[in-house]
Structure formats: C-alpha cells, structure tokens
Amino acid sequence: MRQPKDVRLFFALWPDAAIRERLQQAADCIALDASARRVPQANLHLTLHFIGNVYFDEMACLREYARQVDAASFSLSIDCQGYFDKPRVGWLGCSNPPAALGDLHHQLGSQLRHCGYRPEQRQYHPHVTIARKLGPIGADAAFTSIDWPLHEFALIEVQTMENGVQYRVVERYPLT
C-alpha cells in the first residue's frame with residue numbers, strides 16, 4: 001500500500017487584509033442561490049498553479065525553483081464577475097489581465113517543471129473564487145473595481161479542518 005502524500009499545495013497571489021476585505025465586499029454584492037457555499041474571507045486568493053498532494057521532498061523542490069522566478073510587480077483590476085458551469089463556481093476577475101500576470105504564470109510553471117510538475121494545458125483564466133456549489137449567477141452585480149497592487153506571490157498549504165479547509169502561507173516570493 002502506498003503511503004499518503006504529506007501536504008496539499010498551490011501557488012497564489014495572496015491578498016493582504018485590506019484587499020481581502022474589498023474582495024469580500026464585492027463578493028457580498030453578488031446574489032447567490034441557497035445551495036451556494038461562500039468561500040470564507042480568510043481563504044480568498046487568486047491561484048497561479050494548483051500543485052495538489054506532494055511529499056515533503058517534492059515541496060522542497062517546488063520552493064527552490066519558485067525562488068528562481070524573476071517576474072515584475074504589477075497591479076490587477078478586479079472588475080468583473082463570472083461563473084464556471086462544470087465546477088459550479090462563482091468568481092471575481094479581471095476583464096483585462098495584465099501581461100505581467102501571464103508572464104508570472106508562465107515563468108512559475110516553467111520553473112516548476114524541474115520538479116516534475118506539469119502545468120495545465122487549458123488557457124489560464126485568473127480569478128478569485130467566491131462561492132462553490134451554485135447555479136449560474138444572475139445579472140452582473142454593481143461593485144467598485146478593486147486595484148490590487150502585487151509585489152509577491154506565495155506557496156500555500158491546504159489544511160483540512162473539521163469545518164472545511166484553511167490555507168496557510170508556507171513561503172512568499174518577491175516580484176521585482
């Protein structure tokens with residue numbers, strides 16, 4: 001029998017408390033059906049690469065190669081909402097993602113290949129998940145665009161708790 005892997009990870013843009021509060025305010029403007037589960041404010045983030053379950057030695061490799069990323073700081077304008085049908089997920093996103101975000105996503109994925117990670121082949125669609133298990137979101141909600149300055153990205157550990165999941169920052173990586 002194979003041993004279970006040690007930790008579940010992803011790389012993300014991790015908002016500070018002020019941006020997280022603004023993301024929550026925007027999410028609260030969107031009417032959701034009764035079956036929806038809102039993402040807790042403490043878990044709001046924008047995923048760069050989902051890694052999944054790995055052993056500690058694999059995590060050490062991921063951390064080492066993430067430090068090799070040399071991407072520029074940038075700002076995101078969170079100014080739209082949407083819905084992914086298959087996973088039944090509501091989200092906030094950017095109507096015009098900056099090229100620097102695409103560069104960061106590409107560079108990080110390329111570095112992580114050294115550790116055996118295979119980036120998804122489908123087009124990257126940057127978003128902040130705000131709710132799960134919901135029907136399609138109705139008309140666009142009115143919320144003030146959020147200017148999110150980014151100077152770092154982070155490696156996040158998923159910790160399963162009795163009442164859901166919590167995310168813990170393992171390491172932060174500066175953008176130049």
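1. Contact here means that heavy atoms lie within 4.5 Å. In that sense Arg113 touches Pro119 and Gln121, leaving aside residues up to four places away in sequence. The model is a predicted one. Arg113 sits in the loop between H3 and S7. Its relative accessibility is 47%, so Arg113 counts as partly exposed. Lys86 is 27 residues from Arg113 along the chain, and the C-alpha atoms of the two are separated by 27 Å.

2. The bond joins Cys61 and Cys115, with 2.2 Å between the sulfur atoms. The torsion about the S-S bond of Cys61 and Cys115 is about -90°, which means that the disulfide is left-handed. The pair links distant parts of the chain, 54 residues apart: Cys61 belongs to helix H2 (residues 56-66), while Cys115 is in the loop between helix H3 (99-112) and strand S7 (127-132).

3. Other cysteines deserve a check. Cys29 is in no disulfide, and the nearest cysteine sulfur, that of Cys80, is 14 Å away. Cys29 counts as partly exposed because its relative accessibility is 42%. For Cys94, the closest cysteine sulfur is also in Cys80, at 6.7 Å, too far for a bond. A disulfide needs the two sulfur atoms within 2.5 Å. Cys94 has a relative accessibility of 10% and therefore counts as buried.

4. Next, the sheet. Four strands make up an open sheet, ordered S2-S7-S6-S5, and their pairing is antiparallel. S2 and strand S5 (80-84) are the edge strands, each of them pairing on one side only. Inside the sheet, strand S6 (residues 89-93) pairs with S7 in the antiparallel sense over five bridges. Gly93 has His127, in S7, as its bridge partner.

5. Helix H1 (residues 17-28) lies across S2, S6 and S7 and runs at about 125° to S6. The helix has twelve residues; from the first C-alpha of H1 to the last is 16 Å, close to the 16 Å expected at 1.5 Å a residue.

6. Which residues of H1 are buried? They are Ile19, Arg20, Leu23, Gln24, Ala26 and Ala27. These residues cover an arc of only 160° around the axis, so they are on the same side of H1. An α-helix has 3.6 residues a turn, so residues three or four places apart point the same way. The buried residues of H1 pack against S2, S6 and S7, and also against strand S4 (74-78) and strand S8 (146-150). On the face of H1 turned away from the buried side are the exposed residues Ala17 and Ala18.

7. A last point concerns a loop residue. Asn43 lies between strand S2 (37-38) and strand S3 (46-54), in the loop that joins them. Is Asn43 buried or exposed? At 7% relative accessibility Asn43 counts as buried, because the cut-off for buried is under 20%. Not counting residues up to four places away in sequence, Asn43 touches Val165, Gln166 and Tyr167.

Technical notes: Residues numbered from 1 in each chain as written. Predicted model: local features only at pLDDT ≥ 70, side-chain atom pairs only at ≥ 80, totals over all residues. Heavy atoms only, no water. Helix = DSSP H or I, 4+ residues; strand = E, 2+ residues; numbered from the N terminus. Buried < 20%, exposed > 50% of the residue type's maximum accessible area, 1.4 Å probe, protein only. Pairing = 2+ DSSP bridges. Axes fitted to C-alpha atoms, helices over the stretch in contact; angles between N-to-C directions. Expected span 1.5 Å × (residues − 1). Arc of directions from axis to C-beta.
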